[in-house]
Amino acid sequence: MAIERTLSIIKPDATKRNLTGKIVAKFEDAGLRVVAQKRIRLTKAQAGQFYEVHKERPFYDELCEFMASGPVVVQVLEGEDAIAKNREVMGATNPADAAPGTVRAEFAESVGENSVHGSDAPDTAAQEISYFFSGLEIVG
Ligand code: CMP
């Protein structure tokens, strides 16, 4: 298995409830390493650009409003098979479908306010990482 990097976002519902450390612990316990991290506040336009792929979806406006509603913690996670591993630790998008012990099963409030985002494939991971981080900010 290859060492990969993936983009993770701890969303406003989670930062608001002071869950950053508990969520990072789940990533680290699964063998992922935080090789870059910053806490930022997105504008609605920046959230919209990040989620442009969902532009035509009915929840797009609500999603952008939510992502700009409070601080987020953006991270690069590194490890073996990091993209799939991170998605496993996060659990299903809808917390009602998320497996016990996953971040979304334990912490997410709804399908929209679902605590975390993770890249879904190598090409999107590379694109999403470069949206938030320069090479100099990623220290493996
Ligand atoms: P994420 O993994 O960040 O990718 C796209 C996001 O859109 C998703 O998590 C949810 O936060 C959000 N989303 C997906 N489906 C819905 C929905 N039916 N209603 C509201 N938000 C949604």
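Mentor: Helices (H or I, at least four residues) and strands (E, at least two) are DSSP runs, numbered from the N terminus. This is a predicted model, in which local features need pLDDT of at least 70 and side-chain atom pairs count only at pLDDT 80 or more, while totals for chains, interfaces and linings use all residues. Residues are numbered from 1 along each chain as its sequence is written, and side-chain values use heavy atoms, with hydrogens and water left out.

Trainee: In which helix is the place of Phe66, and is Phe66 buried or exposed?

Mentor: Phe66 belongs to the helix spanning residues 60-67, which is H4. Buried means under 20% relative accessible area, exposed over 50%, and partly exposed in between (1.4 Å probe, protein chains only). Because its relative accessible area is 8%, Phe66 is buried.

Trainee: Which residues does Phe66 touch, not counting those up to four places away in sequence?

Mentor: Contact means heavy atoms within 4.5 Å. Pro12 is 54 residues from Phe66 along the chain, yet their C-alpha atoms are separated by 7.3 Å. With residues up to four places away set aside, Phe66 touches Lys11, Pro12, Asp13, Gly112 and Glu113.

Trainee: How far is the backbone oxygen of Ala99 from a polar atom of the side chain of Thr102?

Mentor: Thr102 sits in the loop between helix H5 (82-90) and helix H6 (103-107), and counts as buried because its relative accessibility is 7%. A polar contact is a pair of N or O atoms within 3.5 Å; within protein, one must be able to donate a hydrogen and the other to accept it, and residues adjacent in sequence count only if both atoms are side-chain atoms. For the backbone oxygen of Ala99 and the side chain of Thr102, the distance is 2.6 Å.

Trainee: What percentage of the area that the ligand exposes alone does the protein bury?

Mentor: Oxygen atoms of the ligand lie 2.7 Å from a polar side-chain atom of Lys11, and 2.9 Å from an N or O atom in the side chain of His117. Accessible areas come from the Shrake-Rupley method with a 1.4 Å probe; for residues, only the protein chains shown count as cover. Taken alone, the ligand exposes 460 Å², and the share of this buried by the protein is 79%.

Trainee: Within what arc do the buried residues of H5 fall?

Mentor: The buried residues of H5 are Ala82, Ile83, Asn86, Val89 and Met90. The arc is that of the directions from the helix axis to the C-beta atoms. These residues line one face of H5, because seen down its axis they fall within an arc of 130°.

Trainee: Which residues are exposed on the other side of H7?

Mentor: Ala125, Glu128, Ile129 and Phe132 are the buried residues of H7. They lie on the same side of H7, because they cover an arc of only 100° around the axis. The exposed residues on the other side are Asp123, Gln127 and Ser130.
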